[in-house]
Amino acid sequence: METIIKIACKDEKGLVHKITGILFEQLVNVTQTNEFVDEESDRFFMRISFTGPCDMALVQDQLFSILPKQAEVEIIPPKQKRVLILVTKEHHCLGELLIKYQYQDLNFKVEAVIGNHEDLGFLCQQFHVPFHFISAEGLEREAHEALVNQQIDYYQPDLIVLAKYMRILTPQFSLKYKGRLINIHHSFLPAFIGARPYQQAFNRGVKIIGATAHFVTDDLDEGPIICQEIVPVNHTYSAKDMSKAGKDVEKIVLAKALRLVLEDRVFIHQNKTILFE
């Protein structure tokens, strides 16, 4: 398996040459490099994958010695990431992720699923994944999140996926797991807010349906976007047909976003992302 190095720093001449030179001295096999410069912020981003043994601590020290000040360097050894999933009642996104986990289509382990309703417990049971029902009935958001936090901390996941988890998170919760929370929603926002978005879309005669996967921040559904997709619809689609098409694209986009994050191909820069696909 490959080791990944992610670098973000101020741009300057010769960075690629200097960085790859350090790895050449370690006699590792570089399998892929990706670079991008954001000209507006003069920021350089690089992802490197390589195989072979090396002195990780030495490489990190050498990188900091040749990079501009305040550079960000992350060396990620090969490992299977641990994922925890939050759900409510809708099964399509959870089912997609459980299938990919079962057949190892993605390199991750589903540690557990937490639901604020009991509906999806049986589905998790079919895949032998622990399901924890934590009801929000009669609880303030903070009190319910405290219980959810306790369960999350028990598993210590690398990532948390909101697979149609239909609760608004507090800023404190979003901040605690900043950069580790991935959400999926339909792309009608902010046009069709609230209940029955596909009925609203049908009433307006929309011609495309899409989904957005993004990192969660304390700005509701406005965190850095990881990926989006759309599918065309027309006048023959009922509101039910549109909802089905929406669910199909949601599960595809969420799985794609998770893959990108699992493979460490995503950089968060301000309120957007840099993707090396």
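Author: For sorting residues, Ala, Val, Leu, Ile, Met, Phe, Trp, Tyr, Cys and Pro go down as nonpolar, Asp, Glu, Lys and Arg as charged, and the rest, Gly included, as polar. On that scheme the lining of the second largest pocket splits into 12 nonpolar, 10 charged and 2 polar residues. Bear in mind it's a predicted model: local features need pLDDT of at least 70 and side-chain atom pairs 80 or more, while totals for chains, interfaces and linings use all residues. Numbering runs from 1 along each chain as its sequence is written, and side-chain values use heavy atoms, with hydrogens and water left out.

The pocket's space comes to about 560 Å³ (probe spheres set on grid points joined across faces, edges and corners). A pocket here is an open set of points on a 1 Å grid over the protein atoms alone, where a 1.4 Å probe fits, with protein on both sides within 12 Å along at least five of seven lines; lining residues have an atom within 4 Å of a point.

Of its 24 lining residues, Lys-6, Glu-74, Val-266, Phe-267 and Ile-268 sit nearest the centre. At least two lining residues come from each of β1 (3-10), β3 (43-51), β4 (72-76), α8 (239-262) and β12 (266-269). Those labels are DSSP runs numbered from the N terminus: helices (H or I) of at least four residues, strands (E) of at least two.

Zooming out, the protein has 8 helices and 13 strands, and its C-alpha atoms fill a box of roughly 60 × 40 × 35 Å along the principal axes.
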